[in-house]
Amino acid sequence: MSWKLPAWLSGVLIAALVIAACTPAAPPTATAKPAEAPKPAAAAPAAAPTNTPAPAPAAAPTNTPAPAPAAAPTKPAEAPKPAEPAAGAKPAAVKLSFIGVQSDDQQFALTAILREYQKLRPEVDVQFELLPFAQLFPKIQANAAAKTPTDIILADGPNVWSFAYNGVIAPMDEWFDKDYVAKNWTPTSLLTSQYRGKFFAPPQMESCSVMWFNKDMTDKAGIKPPAEMSESWTTTQALEAWQKVNNPPQVYGVRWGQGNSPGQDYEAGLLRRMAGAKGSNAYKGIGDDSLTITGYFDHPDAVKGHTFFHELYQKHKVSAVEGIPNAWFDQRAAFYISPDNAMGTYNRLGAKFAYGNTALPSMPGGSQICHTDSWHYALGANSAQKKEAAEFIKFLSGPVGSKIFFDRVGQLPSHAELLNTLPDYKSAPRKTVGEMFRMHGQPRIVTVGFTEYNGLMQEFVGNLVAGQNLDVQQLATTLARRSDSLTAKYKDWQTKP
Amino acid sequence: MSTRSDAAVTPTLRSGAGAMGRAVEVIARYTLYVVLGVLFLLPFVWMFFGSVRREIEIHGYMFPFSINTIVPVEWTLQNFLDIYGISEEGEKGGLRFHRGLLNSGIIAAAVVGLSMLFNTMAAYFFARLPFPRKNLLLAFVLATFLLPFEVTVVPLYLVVSELGLRDTYLAMIVPFYASPFIVFMLTQFLGSIPKELDEAALVDGANYWQILWSVVFPNALPALATAALIEFQFIWNLFYWPLIATSSLDLQVIQVMIASQTTDRTIYWGRTFAGLVSAVLPVLLLFLGCQRFYFRGAVLSGMK
Amino acid sequence: MSAVVAARSARRRLLTLQRRRYLVALLFVLPALLNFLVFRYIPMALAAQASLYDYSLLAGWGDFVLWKNFVRAFEDDIFRTSLWVSIKYAIGKVPLQVLFALLLALFVSREVRGMGVIRTIIFIPVVTSLVVAALLWSMMYNKDLGLLQSLLGVFGLRHPGLLSSSTWALPAIVVMMVWKEVGFSTIIFVAGLKGIPTMFYDAAAIDGANRLQQFLYITLPLLKPITLFIVVTQTISAMQVFVPIFVMTQGGPFFATNAVVYYIYQNGFHYNDMGYASAMSFFILALLVTVAYFQFKLLKGNVEY
């Protein structure tokens, strides 16, 4: 008795085996470079970065840089010096791996910066792996567990300490000396970049939320949000304004935070700090051991802030309990608390209404504050090419890289000189953002246990938004206690080798 | 020997009631068609039309419900142009969903091909072949899908890394060349084929391999086709594992590309829909092609 | 004497023949077993090891804590609540899905006009990615902007917000998942229905059995192995529900949808405690084994291999 396989099955099996056998190893090309990527000749060692960054081939937002001298420190010594020997010898190809967060901005910006870098170091290539936000952190964790040799990690500011504590990223003092660091970034920015006296990760950009508003709607309602910082609203005044324009479900008064989920510490955690006077426990948000939040997160003042947030949704109903996508951009919310990337999103979505912005309100008896800090470039501890990676990081975070980045992303730059000289931040609407940042900017609580805290915070905010008949104080105390018990394991963070 | 009309496979209304009864039945049937169609398809109809709308329009006409809730006011192919990297926006953003479709296709074909072979062999073993304490072995097989994937994903990644498969096509193929779920399912199906057939073949001097392919296989076609379909759609829709196991853009599968349209600030609904429409079509076509094959297929012809 | 020798050598030959049969049989299952061993058992073993340690993904292997993680799970209120949420979910979803699948299968297994289209239609949700389906439905359920609210508005009704309600969030997810997966169970039932020889029905009809009796006494019993299969696998998969919660509700509001795998995920990836997460998973594994065992016993009847 003979047996025959039906022809189609044989075909499938053969195909499958052939494919499985012939799969390539990790493919060579990585960056999705637009077709017009320049192919520079071998760069001369003495080439210093030009003061004005090369204009991008694609249409970038039209912010022309300030007069050349002020834009970048011009000493060639600052530039990443190609390490290649003198003319003749071709340097070995270097391939760096970079993991970060997915967004059009990051994609454009990073690719453009790489192209610029390749004018100086043509042998360097970078494989950008950009993931959706919710999957980025698990992947970094999986890589850490498997000791995958990633070279550069785009770490969210509050996670830098946690990564440093766990040895996931390596210190970079060797390439970033104290003077360079002090010159390039403000002390606020450095709060999360440095850990236990060592420099770990320079910031990619900064951030600071302000309150954007739909001018068509506010004009119609006869509201005039203050243009000057000195006249900025209190939360009581702001609430009045929100209620005036509130008309659910077509239009809500305010959307507090980016995206359409209830939120996490970055924006939803503002009110609890605003509720305390500067320097008070509520304002500090965390104890001096950088671990304990009982007594700070659930301080009666802080609870006032939590309650105000809760009431926006359940009592005054000026915010949508179940988030509306692109609420402000779709004209379904009149006010919007967000950093200045709102302007880029506005353009990208093709929204068509007049808008303005004003400073975040302050709570009576409390203070004004905006949460700062954004992504940082960190060096993977398992990287096999630390020197090359550090050089590229230096370029990314340096004046040239920061400028290219700002041109595409349009969010508050972290590079001190850039921030001080960009004309954008000297006039509306970005002026408010710059001032808010300088005068009231504070990073989120800086602690090794931030991921644990933020995970709990997400739950907490969700409950504040959806819950009715809440005992906010009790909820806050429960969270604080849970967070402290989860972060207890980090007690040795200041002395751990 | 009764003829096998498929209409009689399940108990049906015998035609004693006459033409009136038949008309009622037809009306009832078509009503049910419509109800089922609406129930199952409404989200997709919305999504399909959403893929040809401008981004800002997609949620703009929800309330009150009108024809424009579903049907676009302004029809546009922009989303598709974006995701295939044809438009400038798409090209600059590095979008190339065609590559994602190709990658998904490659690993799906490979996995289905390999797993059909190995799963069938394993199911044949459990259902038919003599072996001491087979049931214990089967229990071991079943135990493997009792741990949630989220817990084993990192250890699996460690194993795959150690094997040097990280960031290759093989990383997405090799862990799935056999599947406990499919083995279990096929064991059930193969078990219901009468054993007399095997015994008859054994008497004729056939070995196990020959029995498998000439006797068991033809009778199990509906089950095998079902298994192939299930396996295909499992791999096609797999998202988390390819995300963790590979880094290169060239290896990205379609689901990861679709998920990348969700950033922390905004979800590009239009592109997500367009991507989803692109991703659903191949599976649907496969299903349409296969279902004629196995729904009308061979059933226990040996019994006659 | 030679008879005994002959008998003994015959027995020995018989044994070798038997053993050779077993060996050949083993070869059939070996490739699959190898796959399960390397890609499922080893990771499971690693997870088991992790449960005995203070292990976190970022920090690596900490102290050996033996039973501490398990004791902690035992005392953890939230773990208990999350277990209960998963059980509630399974109790709601599995019977609903099996019932609908069976009814649908009876309908679509007929070879009449239009059935091919209907089969495709109920299968479409199955072939789409769960992540995107969850996204779609979360938008459909949206209190202000959702398609559901819109449709209800046509009749003058309005729902109070499903995903933000601790009463309705879980049922809403059940409905979505049944919609998504019923097609899957249906085609398995159809394959089973097709496997029943018509002569059984013909014989019964001759004996005077009506439609209902045919269904109860022929169809149902012969579908037992398939039904068992679907119930067991669906229960296991329901207890492991994760993606819809991750996408739509993140465990809220107030833990109403905090299913156990989501809690495990939180501990492993948010709270940097993979050891504890693994310990909880093994609790679940033990639970699932017990449940599956009882389901087998209950539904098995005389299914044999």
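Helix 5 (residues 130-140) of chain C is mostly covered, with 11 of its 11 residues buried; buried means that 20 or more other C-beta atoms, placed from the backbone, lie within 10 Å of the residue's own. This is a predicted model, in which local features need pLDDT of at least 70, side-chain atom pairs count only at pLDDT 80 or more, and totals for chains, interfaces and linings use all residues. Residues are numbered from 1 along each chain as its sequence is written, while chains are lettered from A and ligands numbered from 1 in the order in which they are written.

**Helix 5 of chain C**
- Among the buried residues of helix 5 of chain C are Leu130(C), Trp137(C), Ser138(C) and Met140(C).
- Helices (H or I, at least four residues) and strands (E, at least two) are DSSP runs, numbered from the N terminus.

**Contact between chains B and C**
- In this contact, 85 residues come from chain B and 87 residues from chain C; two residues are in contact if their C-beta atoms, placed from the backbone, lie within 7 Å.
- Several helices of chain B each supply at least two residues of the side that touches chain C, including helix 1 (18-50), helix 5 (97-128) and helix 15 (269-295).
- The side of chain B that touches chain C consists of 63 nonpolar, 18 polar and 4 charged residues.
- Nonpolar covers Ala, Val, Leu, Ile, Met, Phe, Trp, Tyr, Cys and Pro, charged covers Asp, Glu, Lys and Arg, and the others, Gly among them, are polar.

**Domains of chain B**
- Chain B is assigned domain 1 (16-78) and domain 2 (97-303), with bounds from an automatic or database domain assignment.
- Their C-alpha centres lie 32 Å apart.
- Domain 1 of chain B gives 7 residues to the contact and domain 2 of chain B gives 7 residues.

**Domains of chain A**
- Chain A divides into domain 1 (92-207 + 374-421) and domain 2 (210-372 + 444-490).
- Between the C-alpha centres of these two domains of chain A lie 28 Å.
- In chain A, 15 residues of domain 1 are in contact with 13 residues of domain 2.
- Helix 5 (160-165) and helix 7 (187-193) of chain A each supply at least two residues of the side of domain 1 that touches domain 2.

**Strands 1 and 2 of chain A**
- Strand 1 (residues 94-101) and strand 2 of chain A run parallel and are joined by 8 bridges; strands pair if DSSP finds at least two bridges between them.
- Phe98(A) stands opposite Phe128(A) in strand 2 of chain A.
- Of the 8 residues in strand 2 (residues 124-131) of chain A, 7 are buried.

Key
Buried ≥ 20, exposed ≤ 12 C-beta atoms within 10 Å, placed from the backbone.
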